[in-house]
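Hi,

Here is the structure I promised to pass on.

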Amino acid sequence: MRPAGEARARVAIAYQGEPGAFSELAILDAWGSTARAVPHAEFADVVRAVAQGRVDFGLLPVENSIAGRVASSLAAIDGSSLYVVGNIEHPIRLCLLAPTGATIASLRSVESHPVALAQCGAFLRAHPRLEARPVFDTAGAARMVAAAHDVSRAAIASSRAAELHALTIVRAGIEDHAGNVTRFAVLSRDAAMRPSALDSTRPGVMLDA
């Protein structure tokens, strides 16, 4: 519990990835301005941050409607002493991002998190010359592509990642089917510690009993 003087402080929520990641978007959508999204490199880092009390909650992806269960995230949760106190379903719209001047014809590789790549199987099969390169995060892929200034490299990430890194959206909505959704688990070190700022009346938000 926070001291009385900090009663209005934003709730701190750990997520895996960098700003612009879909986990961050899920936090911003569900909590709005009441939350402070705290990025971490690995799923296990999110679990540790919650367990050690450095944040109030954690948010990890557990299942995608196209790619299925997120095994490494589930393993991090199962190997911890944390409680799942809620779930959030967030729509996932994947975009092909590249530096200004890039075109489908100029691209030779595409980078993203393995789960995001798995959600774009039809697009990748339709463009077999594109080498799919798995990296740790969708937004991280966007950052690296932006830094390279190479019109042969692209990333699969969110439109927010395109804005943050001044990338062009070469193709939007490249996920395998419309209605693509990821379910995220809200993690707490205390089963009774509820994410009270979360609006349980919002579609896609489920607080566990």
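R183 counts as partly exposed, at 27% relative accessibility. In this predicted model, R183 pairs with E63 in a salt bridge whose closest N and O atoms are 3.2 Å apart. The two come from distant parts of the chain: E63 sits in strand 3 (residues 57-64) and R183 in strand 11, 120 residues apart. E63 is partly exposed too, with a relative accessible area of 34%.

That pair is one of six salt bridges in the structure. Another joins the side chains of E18 and R143, at 2.7 Å from N to O. Here again distant parts of the chain are linked, with E18 in the loop between strand 1 (11-16) and helix 1, and R143 in helix 6 (residues 138-148), 125 residues apart. E18 is buried because its relative accessibility of 16% is under 20%, whereas R143 is partly exposed at 34%.

A local pair is also there: R48 and D45 form a salt bridge with their closest N and O atoms 2.4 Å apart. Both lie in helix 2 (residues 43-51), three residues apart, or about one turn of the helix. D45 is buried at 19% relative accessible area, while R48 is partly exposed at 41%.

Now for the inside. Helix 1 (22-31), helix 4 (114-118) and strand 11 (181-188) each supply at least two of the lining residues.

Best wishes

Methods
Residues are numbered from 1 along each chain as its sequence is written. This is a predicted model: local features need pLDDT of at least 70, side-chain atom pairs count only at pLDDT 80 or more; totals for chains, interfaces and linings use all residues. Side-chain values use heavy atoms; hydrogens and water are left out. Helices (H or I, at least four residues) and strands (E, at least two) are DSSP runs, numbered from the N terminus. A salt bridge is a side-chain nitrogen of Lys or Arg within 4 Å of a carboxyl oxygen of Asp or Glu. Buried means under 20% relative accessible area, exposed over 50%, partly exposed in between (1.4 Å probe, protein chains only).
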